[in-house]
Amino acid sequence: MNPWTDLSRYQPVYSLHLSLQDIYKIGGIGTVHGGPVETVLKSGMVVTFAPVNITTEVKSVEMHYEALSKALPGNNVGFNVKNVSVKNVHRGNAAGDSKNDPPMEAAGFAAQRITLNHPGQVNTGYALVLDCHTAHIACKSAGMKEKIDHHSGKKLEDGSIFPKSGDAAIVDMVPGKPMCVKSFSDYPPLGRFAVRDMRQTVVVGVIKAVDKTAAGVGKVTKSSQKAQKAK
């Protein structure tokens, strides 16, 4: 096996998590979702969409109008699912393996963020609109845990501090709308974010830990129930 062409050793070890970029309704086919694959996506796989908590079966996967038995990391694909309306799943949602660490709504999260260029202080209660994977959602600062050195990550100051331009801090954040994110160490594509304002990036950061919302009983389509029984 040629080590220069064998990419399997570079595949991430974590389960499927795919951020949705586009959703289409195609006559005779159904709902088609599009986005970049970070692990492996196969037809017949049962996936859960978060934060809407809908579980269904992937009927087919294609890339550049060519059907694939499976999509590999780096592929930007479209995949068809049944019994899921385009009104129920949106850009900014995430899809993942329903049996292996399925994606869930985040009640809140701790973020390590750096304020690059902001005219004032980012105080507790201040809302920032985060661009995280394909989601674009306002999140409030619920409390500043500590100020840190942005080179080493070492703590510099405890308690309630007010980061300004050039400061790095660990901050608790709460999404204003249902949102699915992951810690950067577990799922990098769903764990980094940026904040843009006045046509420039003013804050960047990574998610350190996530407080998940209990999923409860979501919608499980008949297609996914049949697929699970067949396995």
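Arginine 196 counts as partly exposed, because its relative accessibility is 47%, which falls between the 20% limit for buried and the 50% limit for exposed. The model is predicted.

**Arginine 196: location**
- Strand S16, spanning residues 192–197, contains arginine 196.
- Asparagine 117 is 79 residues away from arginine 196 along the chain, and the C-alpha atoms of the two are 10.0 Å apart.

**Arginine 196: contacts**
- The side chain of arginine 196 forms a polar contact of 3.1 Å with the side chain of threonine 201.
- The backbone oxygen of arginine 199 is reached by the side chain of arginine 196 at 3.1 Å.
- When residues up to four places away in sequence are not counted, arginine 196 touches Asp131, Thr201 and Val202.

- Threonine 48 lies in strand S5, which covers residues 46–50.
- Threonine 48 counts as buried because its relative accessibility is 6%, and the limit for buried is under 20%.

**Threonine 48: contacts**
- A polar contact of 2.9 Å links the side chain of threonine 48 to the side chain of threonine 55.
- With neighbours within four places in sequence left aside, the residues in contact with threonine 48 include Asn53, Ile54 and Thr55.
- Also among the contacts of threonine 48 are Ala94, Ala95, Gly96 and Ser98, together with Pro102 and Pro103.

Terms used
Residues numbered from 1 in each chain as written. Predicted model: local features only at pLDDT ≥ 70, side-chain atom pairs only at ≥ 80, totals over all residues. Heavy atoms only, no water. Helix = DSSP H or I, 4+ residues; strand = E, 2+ residues; numbered from the N terminus. Buried < 20%, exposed > 50% of the residue type's maximum accessible area, 1.4 Å probe, protein only. Polar contact = N/O pair within 3.5 Å; in protein donor to acceptor, adjacent residues only side chain to side chain. Contact = heavy atoms within 4.5 Å.
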